[in-house]
Number of protein chains: 2
Amino acid sequence: MAVATEPIAEICRRARGAALQLAGASTEVKDDALRRAAALLRARIDAILDANAGDVAAGLEAGLDPALIDRLSLDRERVEAMAVGLEAVIALPDPVGETIERKTLESGVELEQVRVPIGVVAIVYEARPNVTIDAAALCLKSGNAAVLRGSSSAAASNAVLAGIFAEAIAAAGLPAGSVELIAGGGRAELAELARQEGLVDLIIPRGGEGLKAALREVAEVPVLYAAGGNCHVYVHDDANLEMARRIAVNAKVQRPGVCNSAETLLVHAGVAAEFLPAALEELSSAGVEIVGDERVRELAGGVGIGPATERDWETEYHAMKIAVRVVDSLEEAIDHINRYGTAHSEAIVTGSEEAGRAFTGGVDAACVYVNASIRFTDGFVFGMGAEIGNSTQKLHARGPIGLRELTSTKYILVGTGQIRE
Amino acid sequence: MAVATEPIAEICRRARGAALQLAGASTEVKDDALRRAAALLRARIDAILDANAGDVAAGLEAGLDPALIDRLSLDRERVEAMAVGLEAVIALPDPVGETIERKTLESGVELEQVRVPIGVVAIVYEARPNVTIDAAALCLKSGNAAVLRGSSSAAASNAVLAGIFAEAIAAAGLPAGSVELIAGGGRAELAELARQEGLVDLIIPRGGEGLKAALREVAEVPVLYAAGGNCHVYVHDDANLEMARRIAVNAKVQRPGVCNSAETLLVHAGVAAEFLPAALEELSSAGVEIVGDERVRELAGGVGIGPATERDWETEYHAMKIAVRVVDSLEEAIDHINRYGTAHSEAIVTGSEEAGRAFTGGVDAACVYVNASIRFTDGFVFGMGAEIGNSTQKLHARGPIGLRELTSTKYILVGTGQIRE
C-alpha cells in the first residue's frame with residue numbers, strides 16, 4: 001500500500017500484478033482478510049478517530065461547508081458501522097467462479113461461461129472516509145485489485161483506513177498491491193489515473209457531476225458512471241390517494257440530499273383536485289419549497305407555490321424542493337419522465353395492474369416502482385451487501401453496483417482433441 | 001428507412017422513437033418481421049444480385065483487392081444463407097423480458113431484475129453485405145432499433161437489403177425507424193454518428209484496427225469493441241503430441257484470415273525435440289511461413305525458419321504465417337500469452353486436468369480452451385445464433401456478441417404502499 005508521491009503508473013502496475021494473483025484467491029482467504037480488517041478497525045479505533053479529528057479540524061479551518069464536514073466526520077458508531085459492513089460482505093456469496101451457462105457444443109466440446117474478476121478497479125470518491133473500506137471490501141471479495149483515490153480533505157483518515165486494510169490483506173497472505181491508495185491530488189492526478197490503459201480496467205467515480213464531467217473529458221480507461229438522479233413519483237387517476245401522499249412525501253423528505261429522492265411529482269388531472277391540496281399542504285408543512293405548473297397553482301389553496309419553468313423539470317434539487325405538474329394521461333407522465341429523468345428510480349402509484357405494467361414497460365430507467373417509495377433503491381436494501389453507487393448507464397451494470405457488477409466473464413472450453421472442419 | 005443525405009442526427013432521432021416502441025414489441029411480431037424478411041430475400045434475389053453486381057463492377061474498376069471483392073460479392077448461395085440466418089434468429093429465445101433475479105425485500109416489496117433492450121444500437125461495418133441482414137436481425141429480435149453504417153463499396157447492395165428489411169418491418173406493423181441505413185460516408189460521418197449521445201446508446205464497430213482507432217478518438221457514445229485476435233496454442237509437456245499437432249495445424253490453417261486463428265505456437269521444452277520437427281514440417285507443407293526463437297530453429301531439421309523478433313510475438317498476421325517459441329514452464333506460457341495476447345481465444349494441449357485448470361485460471365482471455373482448437377470461438381458454434389463480432393473487452397460483454405449481449409437490465413419493484421423509514 002502506497003500513499004502519495006509515487007508515480008501513479010507505478011501504483012497501478014503494482015495493482016495489476018496483484019490482480020493476477022487475486023483472481024485465483026479462494027473465498028476463504030479473501031474472507032479471512034476481511035475478518036482481520038474488521039478486527040483491526042475495532043482495535044485501532046482511537047488512531048482512526050485521531051486521524052479523522054485532524055482532517056475535520058483542517059476542514060473547519062479551510063471553511064468547508066457543514067454538510068461536507070458531516071460527511072467527513074467519523075465517530076465510534078460510524079467506525080463500528082464500517083466493521084459491520086465488512087462482516088456483511090463476508091456473508092455474501094463470492095461471485096468469482098460462478099457458472100453462468102454450461103452446454104455441450106455439437107463437436108462435443110464442453111462450454112462453461114464463468115464469472116471472473118475485472119482486474120484493476122479504480123474508485124474515485126469524495127469526502128466520506130467509509131468509502132475507503134466499503135470499496136476496498138467489495139473489490140477484494142470480487143477478486144479485483146483496488147486503486148482508491150479519495151479526497152484530499154480526508155487524506156489522514158483514508159491513510160489510516162487503507163493502511164489497516166493493507167495490513168489485513170498481508171496477514172491473510174494476499175499480495176501487496178491488492179489495495180492501493182492515491183491520497184488527495186487534483187484534477188491532473190485524476191487525468192493521469194484515467195489514462196492508465198492496460199493497467200486499470202475500470203474507473204468508478206462516486207461523487208458530484210463536476211467529477212464526472214472532468215472524467216468524461218479525459219478518460220481513456222472505461223468508466224462506470226454512478227450518476228445522479230432526477231427522479232419522479234407519478235400519481236395515476238386510480239391511485240389510493242392516502243398511499244400516494246405517503247409515498248410522495250417519503251420520496252421527497254426522507255433523505256432529500258441523495259440521488260434517489262423525488263424531484264418532481266406528476267399527478268393525473270382526474271385526481272388532481274382531490275389529491276393536491278392535502279399533499280401540497282403536507283409537503284409544505286414538512287419544509288419543502290414547491291413550484292408547480294398553472295393547474296397545480298390553481299389547486300394550491302393556502303400553500304405558497306412558485307411557477308415551475310422548463311428548468312425545474314430538468315433540475316435535480318437534492319434539497320427540500322419539489323416541482324409539481326398535472327398530466328392528462330399515463331402516456332404523458334411516461335413521456336415527461338423519459339424526457340427529463342436521468343433513468344435512476346421512478347414510481348407510479350396506481351390501483352391497476354395494467355397501468356403498473358404500462359409504466360414499468362414504458363419508463364426507461366434502472367429501477368421502476370409500482371406502489372412503493374423510490375427511496376428503496378440501494379445495494380443494501382436490494383440484498384447486494386454494500387454498493388459502489390448506482391449505475392444509470394445501460395451497459396455492463398444498471399442499478400446498484402455490487403459484487404456481481406464488479407465481475408467480467410470468461411468462456412472455458414474443454415475438449416478431447418476436437419478441431420474445426 | 002432512409003438512405004444517404006439526410007442529417008445523421010435526424011436518422012438517429014427516428015431510430016430513438018422507434019426504439020421506445022420496439023422495446024414493448026412481442027416476440028411473435030418481431031419473428032413475423034424476420035419471417036417476412038426471409039421470404040423477401042428469396043423473392044427479390046434477382047434485384048439483390050443486380051445491385052451487388054453493380055457494386056462489384058465499381059469495386060473492380062476502383063482496383064479493390066481480390067479479398068475485398070470476394071467479401072463484397074453475393075451469389076444465390078450467399079443470399080440463401082442470409083435467409084437461413086434469419087430463420088436461425090427466429091428459432092432463438094427472445095432475451096427481452098427474461099427474469100435474471102427475483103426476490104422479496106425485507107419491506108415486502110417484490111423485486112425483479114429483467115432484461116430490456118439497450119435502445120438504439122449503431123453497427124459500423126465494412127464490405128460484407130450480409131452483415132446488413134445479420135445485424136438488423138439480431139438488433140430487431142433483441143428489441144433494439146438498428147442504425148447501420150456500411151461501406152460505400154457496398155452501397156447499392158446494402159440499400160436493397162436494408163430496403164427489404166424495412167419493408168418486412170413495416171408489413172409486421174413495427175415502426176419505421178426500426179432499421180436505418182447510413183450509406184457509405186467517410187470518417188467525418190462516422191465521427192458524427194459517434195457523437196449522437198442521448199440518441200445512440202451503443203456503437204459496435206465490426207472491422208479492422210483502423211476503424212477502431214478512428215472511433216476511439218472521437219466516440220462520445222459507448223463503444224463495444226469487437227477486437228482482433230493475437231491467439232496462441234500452447235503444447236504442455238504431458239500433451240498427446242498427435243492431438244497437439246492436429247490442433248496447432250487446424251488453429252493456423254483452417255481459416256488464417258480470421259481473428260481466432262493462431263498466430264503463435266508455444267511448446268514446452270520437455271517435448272520440443274519430439275514435437276517440433278513433425279509439426280513444423282506439416283505447417284510448412286501446408287504453406288505456412290514460420291519464424292521461431294533459437295531453440296525452435298535448432299530443431300527445425302530441413303524446414304526453413306526465419307528468426308522471430310519481439311515484433312513477431314506482438315503481431316496478428318491473419319495470414320499463413322506463424323511464430324513459434326519454446327518455453328520452460330506452464331507459467332512462462334501463461335505469462336507470454338497475458339503479455340502479448342489480445343485476450344481473444346487461447347488454448348492449451350495437455351494430458352493433465354491440473355495443468356488445464358492452471359491455464360484456464362491464469363490466462364486472462366474471453367475464451368480459454370483445453371484440448372480443442374481455438375477456431376470454435378464463434379456465436380453460431382456457441383449456440384447463440386448469429387453474432388456481431390467477438391468482444392475482447394471486459395465490460396458488458398466478453399466473447400461472441402449475440403442477442404443477450406445486446407440487452408441491458410431493469411429492476412422492477414412492486415409494493416403495496418411501502419415507504420422507507
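## Close-up views of a predicted model

**View 1. A:Lys103 has its bridge partner, A:Leu111, in strand β2 of chain A.** A:Lys103 itself belongs to strand β1 of chain A, which covers residues 99-104. Is this lysine buried or exposed? A:Lys103 is exposed, because 11 other C-beta atoms lie within 10 Å, and a residue counts as exposed with 12 or fewer. Leaving aside residues up to four places away in sequence, A:Lys103 touches A:Leu111 and also B:Gly383 of chain B. For a sense of distance, look for A:Ala43: this residue is 60 residues from A:Lys103 along the chain, and the two C-alpha atoms are separated by 49 Å.

**View 2. Strands β1 and β2 of chain A make a hairpin.** Follow the chain out of β1(A), through five residues, and into β2(A). In the turn you will find A:Gly108, with a positive phi of about 95°. The two strands pair in the antiparallel sense over five bridges, and β2(A) spans residues 110-117. What other pairing does β2(A) make with β16(A), parallel or antiparallel? β2(A) and β16(A) run antiparallel, joined by eight bridges. To find one of these pairs, look for A:Gln113, whose bridge partner in β16(A) is A:Tyr411.

**View 3. Chains A and B meet through 50 residues from each chain.** On the side of chain A that touches chain B, the elements giving two or more residues are α10 (241-253), α15 (353-362), β13 (367-372) and β16 (407-418). Which element gives the largest share? That is β16(A), with eleven residues. Sorted by class, this side of chain A has 23 nonpolar, 19 polar and eight charged residues. Pairing also crosses from chain to chain: β13(A) runs parallel to strand β16 of chain B (residues 407-418), and five bridges join them. Here A:Cys367 has B:Tyr411 as its bridge partner in β16(B).

View 4. Which residues of α10(A) are buried? They are A:Met243, A:Ala244, A:Arg245, A:Ile247, A:Ala248, A:Val249, A:Asn250, A:Ala251 and A:Lys252.

**View 5. Four strands of chain B form an open sheet with parallel pairing.** What is the order of the strands? Reading across the sheet, you meet β5-β4-β3-β6. β5 (179-182) and β6 (202-206) stand at the edges with a single partner strand each, so one side of each is left without a neighbour in the sheet. From one strand to the next, the twist averages 20°. Further in, β3 (residues 120-125) and β4 (residues 145-149) of chain B pair over five bridges in the parallel sense. One landmark is B:Val120, standing opposite B:Ala145 in β4(B).

**View 6. Helices α6 and α7 of chain B lie across strands of this sheet.** Helix α6 (residues 130-141) lies across β3, β4, β5 and β6 of chain B, and runs at about 160° to β4(B). Helix α7 (residues 155-171) lies across β4 and β5 of chain B, and runs at about 165° to β5(B).

Methods. Residues are numbered from 1 along each chain as its sequence is written. Chains are lettered from A and ligands numbered from 1 in the order in which they are written. This is a predicted model: local features need pLDDT of at least 70, side-chain atom pairs count only at pLDDT 80 or more; totals for chains, interfaces and linings use all residues. Two strands pair if DSSP finds at least two bridges between them. Axes are lines fitted to C-alpha atoms, for helices over the stretch in contact, and angles run from 0 to 180 degrees between N-to-C directions. Two residues are in contact if their C-beta atoms, placed from the backbone, lie within 7 Å. A residue is buried if 20 or more other C-beta atoms lie within 10 Å of its own, exposed if 12 or fewer, and partly exposed in between; C-beta atoms are placed from the backbone. Ala, Val, Leu, Ile, Met, Phe, Trp, Tyr, Cys and Pro count as nonpolar, Asp, Glu, Lys and Arg as charged, and the others, Gly among them, as polar.
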